[in-house]
Amino acid sequence: MLTTQRLMTAAKPNVHPSGIRVRTYRTSEQASLAIATEIASLIRKRRAAGRHCILGLATGSTPLRVYSELVRMHRQESLSFINVVSFNLDEYFPISRESRQSYFRFMQENLFDHIDILPENVNVPDGTVSAAKVQAHCHAYEKRIAEAGGIDLQILGIGRSGHIGFNEPGSDRGSRTRLVQLNAMTRSDAANDFSGIANVPTQAITMGVDTILSARRVRLLAFGERKARIVQRALQTSVSKQLPASFLQNHGDVEFIVDASCAGE
Ligand code: F6R
């Protein structure tokens, strides 16, 4: 059996003409283990240097296996998250933290409840703030990221609309954490989780495009055939706010981590 270390080196990145490195793994399982290994290695390196490791985290189905692998590494390979500070990309608005669909709850259930990260080092945009306070909350979120020293490694998924975080088509390159409207495709993709599109919030709080591009490393994960077309477009179209993921073409350290069925196109 391949070790995760060998899996990582097994998938040599192709540098796409856009400048984005693309690593293709046979399966999403192999891709997930490889990215978990990269995260673990950065956490350990920072710890050895007596420093915090600042992680930008995503929710959704794509990173689930990455998180379960990190939990396994915590339990079986004594990977500690004591020096980790995390910032999640986004949260529905409004939403209670207990709600089944809240990203706060998602992160607790899939990662934070099972590792030794300090609760005060966990940051998820707050879907419970009042509409009057949401702008101040977004500014405070940006300030916390800056005070932490900026994000070392940002994990992203990609929506079929081309969104990263909840930066939907039309999002500015310079956007920062803010309240946004969710687009129709994104709401329809979330309809199952909310038992019907009518129950899907129309708004969300998201880190902005500029917040994401300020991360020192960006790793975008995309698995399965249904993401193939949007990934291909993000790589091939010229940079445009109509396809927010295309802004990643201008980042100096970005990799798309895909499985073979996503790479099909
Ligand atoms: C989630 C997020 C979104 C998702 C994207 C893909 O925090 O920011 O951009 O990454 O919608 O979702 P999945 O992984 O469920 O296909």
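When I say polar contact today, I mean a pair of N or O atoms within 3.5 Å. Hi everyone, and please keep in mind that what we have on screen is a predicted model.

Histidine 163 places a polar side-chain atom 2.7 Å from an oxygen atom of the ligand, and for threonine 62 the distance from a side-chain N or O atom to a ligand oxygen is 2.4 Å.

Now over to the helices. Helix α3, residues 64–76, packs against helix α4, residues 103–110, with the axes 10 Å apart and an angle of about 40°. Angles under 35 degrees would count as roughly parallel, and 65 to 115 as roughly perpendicular, so α3 is oblique to α4. Who makes the contact? From α3 we have Leu64, Tyr67 and Val71, and from α4 we have Phe106, Met107 and Asn110. By type, that contact has 5 nonpolar residues, 1 polar and no charged.

Last, two backbone spots for anyone setting up geometry checks. Most peptide bonds are trans, and most residues other than glycine have a negative phi. Phenylalanine 93 and proline 94, though, are joined by a cis peptide bond with omega at about -10°, and proline 94 sits in the loop between β5 and α4. Serine 78, in the loop between α3 and β4, is not a glycine, yet its phi is positive, about 45°. Thanks, everyone!

Terms used. Residues numbered from 1 in each chain as written. Predicted model: local features only at pLDDT ≥ 70, side-chain atom pairs only at ≥ 80, totals over all residues. Heavy atoms only, no water. Axes fitted to C-alpha atoms, helices over the stretch in contact; angles between N-to-C directions. Helix = DSSP H or I, 4+ residues; strand = E, 2+ residues; numbered from the N terminus. Parallel < 35°, antiparallel > 145°, perpendicular 65-115°, else oblique. Contact = heavy atoms within 4.5 Å. Nonpolar A, V, L, I, M, F, W, Y, C, P; charged D, E, K, R; others polar. Polar contact = N/O pair within 3.5 Å; in protein donor to acceptor, adjacent residues only side chain to side chain.
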